[in-house]
Amino acid sequence: MNVIETYNLCKYYPNKKALDDLNLEVPEGVIFGYLGPNGAGKTTTIRVLLNLAKPTKGSAVILGEDITKSRKYLRWIGYLPDVPNFYNYFTAKEYLVTLCEIIGVDKKRVDEVLEMVDLKNEKKRIGTFSRGMKQRLGVAQALLPNPKLLILDEPTSSLDPQGRKEILDLIVSFRGEKTVFFSTHILADVERVCDRVGILKDGRLLLNDTLGNIKKKFSRRIIRLEVDNPLRIVEQIRREDFVEEVLEENQNSLILKVRDLEMAQRRIPEIIVKEGLSLMHFEVLEPTLEDIFFEVIS
Ligand SMILES: Nc1ncnc2c1ncn2[C@@H]1O[C@H](COP(=O)(O)OP(=O)(O)OP(=O)(O)O)[C@@H](O)[C@H]1O
């Protein structure tokens with residue numbers, strides 16, 4: 001089942017198509033990374049999905065409800081905005097208890113969510129919190145209604161590596177239990193935690209698939225070999241059908257572009273052993289998400 005589905009969703013501003021025929025699918029239980037350069041339309045998507053902005057055309061179904069007809073689905077969504085605001089003179093607990101009163105959630109939930117974000121024993125006022133602690137508190141407030149879907153707008157962009165790790169670990173802990181939709185431009189974060197990825201540019205979705213499929217689709221089938229004397233086998237390797245091109249050759253390694261990866265994995269060790277050489281290292285050089293991102297958006 002898909003938790004989010006959009007159908008030709010458009011949001012036009014006077015001089016800008018912020019979303020242009022967006023057809024997005026986010027299956028239940030996945031961690032979905034929504035990637036795009038500045039101005040791609042990530043925040044606009046989130047605002048439309050949360051009923052904070054009206055679509056110009058098209059529709060969307062979230063948790064089975066048409067968002068243009070009902071607002072009940074909002075009850076099942078937890079949202080962390082890109083710049084969350086807090087009352088700095090409250091402690092985390094006082095702040096969340098106040099929110100519970102406003103949104104009608106049992107106050108018993110406060111200790112549960114503080115425990116999840118590791119702020120249960122934190123007695124300081126929010127004004128003295130680090131950015132990482134504030135972001136974790138932001139996730140805690142999003143968790144208060146025990147949402148099925150968490151929407152996080154650039155949750156790691158202002159954090160140092162430790163703060164980023166804490167938020168990413170938290171996101172990973174929801175895998176399978178909640179659907180997490182998070183927007184970001186930090187490709188390494190997506191690569192670390194996401195099951196599925198959507199790449200948006202100029203309001204259009206250029207790619208929407210699992211990380212595994214994306215990597216397969218963009219695989220460059222490039223192999224790096226370390227052998228004790230590669231120059232002795234390079235001509236034989238060049239003649240093999242599975243080899244498209246020898247990209248680099250030197251005293252201890254070869255870099256090959258191959259047509260058939262499986263055949264290369266079988267044949268190369270055979271050739272090396274037959275020549276009485278030793279294979280020290282065999283590596284398939286896969287493109288990083290960063291390589292793919294730039295290829296897709298360029
Ligand atoms: N209220 C508005 N009025 C006019 N144009 C807007 C409005 N809100 C957004 N836009 C424009 O729509 C486009 C998409 O903006 P949006 O904030 O959704 O991008 P984004 O992908 O979230 O960018 P960033 O990563 O910089 O936050 C941008 O060109 C932006 O200037």
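Modeller: Asp169 has a relative accessible area of 40% and is therefore partly exposed. The model in which this value was computed is a predicted one. The partner of Asp169 is Lys165, and the closest N and O atoms of this salt bridge are 2.7 Å apart. Lys165 is partly exposed as well, with 39% relative accessibility. Both residues belong to helix H5, where a spacing of 4 residues amounts to about one turn of the helix.

In total, the structure holds 17 salt bridges. One of them connects Arg204 with Asp20, at 3.0 Å between the closest N and O atoms. This pair brings together distant parts of the chain, for Arg204 is in strand E11 (residues 204-210) and Asp20 is in strand E2 (residues 16-22), 184 residues apart. Arg204 is partly exposed, at 41% relative accessible area, whereas Asp20 has a value of 12% and so counts as buried. A further salt bridge links Glu115 to Lys120, with 3.5 Å from N to O. Here Lys120 is partly exposed, its relative accessible area being 37%.

Lys11 presents another case. This residue is situated in strand E1 (residues 2-13). Lys11 is buried but takes part in no salt bridge, and the nearest side chain of opposite charge, that of Asp20, is 13 Å away. Beyond its neighbours within four places in sequence, Lys11 has contacts that include Lys16, Lys17, Leu19, Thr44 and Pro55.

The ligand is surrounded by 13 residues, and Thr44 is among the closest, together with Asn38, Gly39, Lys42 and Thr43. A polar side-chain atom of Thr44 is 2.5 Å from a ligand oxygen atom. From Ala40, a polar backbone atom is placed 3.1 Å from an oxygen atom of the ligand.

Glu154 is situated in the loop that runs between strand E8 (149-153) and helix H5 (161-173). Its relative accessible area is 14%, so Glu154 is buried. The backbone of Glu154 deserves a remark too. Most residues other than glycine have a negative phi. In Glu154, however, phi is positive, near 45°. Asn51 also has a positive phi, near 65°, and is placed in the loop between helix H1 (42-49) and strand E5 (57-62).

Methods
Residues numbered from 1 in each chain as written. Predicted model: local features only at pLDDT ≥ 70, side-chain atom pairs only at ≥ 80, totals over all residues. Heavy atoms only, no water. Helix = DSSP H or I, 4+ residues; strand = E, 2+ residues; numbered from the N terminus. Buried < 20%, exposed > 50% of the residue type's maximum accessible area, 1.4 Å probe, protein only. Lys, Arg positive; Asp, Glu negative; His and termini not counted. Salt bridge = Lys/Arg side-chain N within 4 Å of Asp/Glu carboxyl O. Contact = heavy atoms within 4.5 Å. Near = heavy atom within 4 Å. Polar contact = N/O pair within 3.5 Å; in protein donor to acceptor, adjacent residues only side chain to side chain.
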